[in-house]
Every structure is written in structure tokens, then in C-alpha cells.
Amino acid sequence: MRKTSVLTAALTAALCHNAALAATQTPLEIKLTETVLSSESVTKALRPLQKKQWWHGKVAYQIYPRSFKDSNGDGIGDLKGIISKLDYLKALGVDIIWLSPVYASPMVDNGYDISDYRKINPEFGTMEDFDELLAGIKARGMHLIMDLVINHCSSEHALFKKALKDPEGPEAKYFYFKKGQNGTPPDNLRSYFGGSVWEKVPDHEDYYYLHYFAKEQPDLNWYNPDLRERIYSMVNFWLDKGVDGFRIDAIMNIAKDTTFPGRPPDLVGDGMADAKVMTALHAGEVPAMLKEFRDRCIKPHDALTVGEAFGLNEQILPEIYGQDGIFSSVFDFTVREVFEKEPGYYSYPKASVKLYRDSNFKGQLDAQNTGFASPITENHDEPRAVSFYLPESLQNAKGAKALATAFMFMRGLPFIYQGQEIGMTNTAFKSMDEFRDLVATEEYQKALDFGLKKDEALKAVALNSRDNARTPMLWSDEKNAGFSDAAPWIRIHQDYKTLNVQNEELDPQSTLNNYRKLVQLRKDPAYADLFTYGVFIPYESSDDSFIAYKRKNMQQEAVICSNLAEHALLAPLSGKVIYETGGVKIEDGKLFMPSGSAAVLVSDSVK
Ligand code: GLC
Ligand code: CA
């Protein structure tokens with residue numbers, strides 16, 4: 001009798017389980033376990049960097065100038081275009097704008113190859129336009145940080161052009177010129193963009209120069225004091241103009257073993273080893289190398305620096321962005337590192353909500369033992385998060401809003417990437433000639449070499465390409481999505497007729513209006529201290545697609561939860577709902593969460 005009822009109950013449960021998966025509204029009950037942090041971690045977290053910095057509690061936004069807004073009808077975004085959208089950014093609640101490079105550049109890598117660090121690229125405008133932009137940002141009480149690309153410059157830089165003519169002359173000492181060995185390069189390192197890091201010097205065939213990225217991006221020799229002096233002076237030029245700081249590009253690469261001994265070949269099978277291995281090996285040397293830069297440029301201006309720092313390890317984190325670290329902050333790339341360590345797009349593991357959650361949780365926990373990391377979900381080097389991490393049924397506004405909730409309350413300085421706030425998804429690239437990124441071509445070839453068929457290689461590139469983030473911002477349903485009067489330099493996203501700022505302005509439930517609410521809530525004086533300095537405490541969940549964490553200080557606590565599963569869930573959570581999207585309800589002391597919903601719950605007066 002008893003046995004039968006147990007069996008019946010089990011069967012019923014199994015049936016209900018299946019039914020729940022099918023009928024999305026019947027919730028599955030989940031278990032949550034709050035992670036217990038050591039009192040040492042809590043103490044560390046509650047005293048971030050010990051003293052308050054001007055940028056604490058702020059929200060940042062990245063602009064990719066080529067794709068933001070074109071003002072003069074040449075199909076390329078520009079500074080005047082950005083100026084025309086400053087009120088839009090202010091209304092979103094943005095405090096700090098990071099501008100990807102706008103310096104003079106032949107644009108081999110879209111401005112990450114700089115030929116003159118004190119000039120504005122004419123395709124973006126003039127120095128007067130820049131000054132107007134900076135003034136417009138300040139007038140609205142916002143801040144500007146520029147992109148500082150100082151691991152390498154452009155092969156069109158005047159110094160490099162001189163160096164190339166005389167690999168033994170004084171200018172060559174600003175770079176790495178080295179003789180090969182019997183017609184082979186000095187070592188076996190592989191460039192981030194494919195092929196050897198060494199390129200032959202024309203007319204001096206026994207000489208090579210070093211480039212960790214494209215051959216048009218020669219690496220700068222940070223061991224040369226004259227080079228460093230030039231950099232300090234250039235950096236101070238921008239800071240003296242009133243720029244508030246920098247996002248610092250590819251910075252961990254400056255430390256090298258200048259004997260270039262090579263590394264054991266990796267699994268790719270071309271006899272080479274990735275340059276990133278060399279970088280990771282020498283990561284510990286970077287803080288000392290940048291101390292002078294920080295003390296002579298950054299500190300006197302109280303500037304903000306956010307390092308693009310791949311290849312970190314736990315031991316050096318305090319020196320990187322702790323109390324007396326060289327940077328104010330670094331991007332949290334924990335999830336991105338999972339992909340970056342792979343040989344190519346073709347071998348990337350499938351991304352998922354679980355991967356996003358677990359990596360960010362780890363990143364957050366490491367960060368709060370150190371200082372203030374900068375959470376990101378997208379940037380100009382990654383595909384759109386909604387397409388990348390979310391299940392198919394949530395690759396839409398619903399999913400975008402639930403993911404935004406999980407993202408916006410993490411600890412640190414969050415960076416929203418242009419278009420993320422309207423829930424842009426990946427662009428439907430249909431053939432290789434629609435891509436503009438040099439990496440796309442390289443990755444396509446790699447995939448073919450690995451043995452993928454053409455359509456499979458295209459699929460791998462389309463899913464992962466950096467161009468997904470670089471198609472124009474969708475402003476309206478007009479021609480070229482209101483981005484430009486002319487055909488843009490890269491194709492427009494397929495959904496621009498419906499997915500655009502203009503539409504979302506009119507809809508109070510849009511992704512854009514939800515981002516506005518989330519940003520406002522994060523900065524609401526009633527919770528600002530909690531969301532800025534509060535400890536981050538993750539929950540373990542019995543459902544892989546449920547993201548829940550707590551923020552807590554001495555007085556308050558908030559629980560942030562997002563259901564990114566394809567079915568409804570019932571979570572053992574309660575409290576006062578101060579934000580909700582997707583139809584969250586409290587039922588019998590539990591939280592009913594449809595697929596693609598999210599909530600922020602608070603309870604006051606925690607001892
Ligand atoms: C950084 C930039 C990327 C660029 C590379 C080389 O990773 O974010 O866009 O291609 O550095 O400068
Ligand atoms: Ca233009």
C-alpha cells in the first residue's frame with residue numbers, strides 16, 4: 001500500500017516535471033543554497049580600496065565610434081554623431097563614457113592601430129569636434145575615458161616607418177627588431193591574429209620585427225626609457241585636456257622575455273605557441289613596469305584606469321587593482337577566458353547561462369577580495385550576449401531584460417556596450433564578404449584548415465565574430481536604421497524595423513526602459529551604498545539556468561534573481577519586490593518566476 005503510493009507519487013512527480021517543461025507556466029520548484037563566505041572575505045569586501053573614489057557607484061557605457069552614429073552621410077559613425085546622442089546617454093543614466101579609439105589610424109584594426117596619438121582620425125572629425133564632445137559630456141555631468149593602445153602602434157606611425165628603414169638605428173629601439181636564424185623567425189610565438197609574431201623587414205631580409213597582433217601593429221618596446229617618456233607625455237596631453245582616464249588596451253602584453261627564447265609548441269600543431277603564453281608567464285612584471293606611468297600621469301590627475309588585462313593570476317591581483325594597484329579596475333574576463341584559451345572559433349565550447357553565471361560568480365568572488373573589477377556582458381570584441389548565452393526561446397527582449405537584471409547589480413563598475421541596452425542580438429551574416437573584421441577571415445581559414453566544411457566554418461564565424469557587436473546602432477526603423485543617410489561600412493542588423501531605439505522609447509516595457517530603471521535603481525540613494533559596496537554572495541541553484549545572488553552590507557540586503565531557463569520556476573525567495581520584469585509573483589511565500597523573468601527583492605535592517 002505504502003509502496004504503491006510512493007510509486008504513484010514518484011510517477012506523478014515525473015509526469016508533472018515533463019508537463020512543466022512543456023507548459024511553461026507550471027513552475028518547477030528549485031532549491032537554493034546561499035554560499036557561506038569566510039569572515040575574512042566579508043571584511044575585505046566591505047572595505048574596498050578603503051577610500052572612496054570618484055568613480056565608485058557609477059555606470060559606464062562603451063561607444064564604438066564607427067558604428068554609433070554618422071552625422072555627415074559617409075556611412076561611418078563620427079564624433080558629431082556621438083555629440084548628437086549625448087542626451088540619450090544621459091537619459092540612460094550613464095556616468096562614464098569609454099570611447100574606443102578615435103586617433104589617427106589606417107584602420108586595419110578599426111583604430112587599434114594608431115599612427116598619430118595626438119590627432120583625431122579625419123573620418124571621425126577634428127580636434128575641435130573632440131573638444132566639443134568632451135565639453136558636452138562635462139556639461140551633462142558625465143565623464144570621458146579614452147582608449148589607450150600602448151602595447152603596439154600602427155606600422156604607419158612615423159617612428160616605425162623610420163625604424164623599418166634602419167633596423168639598427170635609434171628608432172628601431174622603440175620596437176623589437178631582431179635577426180632571424182637561418183631564414184626562420186627569432187622564435188616560434190604565434191600572433192593573436194594568426195601566423196608568426198615576426199614579420200620580415202623589407203630590404204633587410206635577415207631582420208624581423210615583432211607584432212603580437214596584426215603585422216600592421218608593431219609592438220612597442222617598454223624596456224626603452226625614451227619610449228616610456230614619449231608615452232607619459234602623450235598620456236598627459238589627453239589628461240591635461242580634461243579626459244578623465246583610460247581603458248588600457250591589451251596591456252599585459254608589454255612584459256616580454258626580450259631574449260625571445262620561444263615556447264614549447266602547443267596543441268594547434270603548427271609548431272608554434274601562442275603569444276598569450278608568454279604574456280601570462282610575465283604577468284607578474286607588469287605592475288612594476290607601469291608604476292612610473294601611474295605615478296606621473298594617472299595619480300596627479302586622479303584619473304580612472306580600467307585595464308584590459310587577460311592572463312592574470314590570483315597572486316598578482318592585489319598589485320594589479322588592489323589598494324595600491326596600478327589600475328583603478330580591470331574588466332572581469334572570467335567567462336571570456338574560457339573561449340580565449342581555445343585555438344579558434346571552431347573549437348569554442350557552447351556558451352550557456354550556466355557558463356555565464358558560474359564564471360561571473362567566480363569573477364565576482366575573486367574581485368571582492370581585491371578591489372573593484374568592471375563587470376561586462378558585451379564589448380566590441382564579443383558577440384551579442386543575448387544570442388551567445390541564452391537559449392533560443394529567450395533570444396529576445398524577454399531574455400535581454402532578465403539577463404540585464406543579473407548583470408546590473410554585480411559589484412564593481414559595470415560597462416554597458418552600445419546596443420546592449422536595446423537588446424541587440426547577433427547579426428545574421430550570410431556570407432564571408434559581409435564581415436569586416438580581419439579576425440573573421442583568419443578564423444574562417446583556421447576552421448577550414450581544421451577540417452570544417454565551408455558552411456560550418458561560416459557558421460562558427462557568424463556565431464562568434466566581433467562584427468556582431470560592430471554593426472550599426474539601431475536608432476529607428478528608417479533607412480539604415482537611422483544610423484546614416486548612406487550605406488554603412490558594415491551591414492545593418494536584420495531586425496532594425498522592429499528592434500530600435502525609437503520603438504523602445506515608446507514602450508514602457510522595452511529593454512531600453514528596463515535598462516533605465518535598472519541603472520536608476522542601482523544608483524538610487526536608498527540603495528546606492530548597498531549596490532556599490534555591499535558584499536556579493538552567490539546562491540547555488542538546483543537549476544542550471546537560474547542566476548541568483550545577494551548583495552549585503554551592515555544595514556541592508558537585496559536578492560537579485562533571473563530565470564533564464566525555458567520553463568517557469570518556483571524559488572524559495574521572498575521580500576519586498578523593488579524591481580520585476582516578466583511577470584514575477586510572490587505566491588505562498590515563494591517566488592513564481594516565468595521563463596525570462598527577473599526580480600530584485602530587498603529586506604531592510606539586517607542587524
Ligand atoms: C584589444 C582590443 C581589440 C584589438 C586588440 C589589439 O583586445 O579590444 O579590439 O583588436 O586589442 O589592439
Ligand atoms: Ca561620418
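How are the donor residues of the calcium ion (ligand 2) spaced in sequence? The spacing reads D-x1-N-x1-D-x1-I-x1-D. The donors themselves are D70 (OD), N72 (OD1), D74 (OD), I76 (O) and D78 (OD), at 2.2 to 2.3 Å. Donors are N, O and S atoms within 2.8 Å of the metal, or 3.2 Å for Na, K and Ca; water is not among the atoms, so sites may look incomplete. I76 counts as buried because its relative accessibility is 13%. Buried means under 20% relative accessible area, exposed over 50%, and partly exposed in between (1.4 Å probe, protein chains only).

The model is predicted: local features need pLDDT of at least 70, side-chain atom pairs count only at pLDDT 80 or more, and totals for chains, interfaces and linings use all residues. Residues are numbered from 1 along each chain as its sequence is written, ligands are numbered from 1 in the order in which they are written, and side-chain values use heavy atoms, without hydrogens and water.

The protein contains 19 helices and 24 strands. These are DSSP runs (helices: H or I, at least four residues; strands: E, at least two), numbered from the N terminus. The C-alpha trace spans about 90 × 55 × 55 Å along its principal axes. Of the 607 residues, 59% are buried. Contacts (heavy atoms within 4.5 Å) were counted at a separation of 6 or more; residues 24 or more positions apart account for 71% of them.

Charged side chains number 69 positive and 83 negative. Lys and Arg count as positive, Asp and Glu as negative; His and the chain ends are not counted. The centres of the two sets lie 4 Å apart, with each charge placed at NZ of Lys, CZ of Arg, CG of Asp or CD of Glu.
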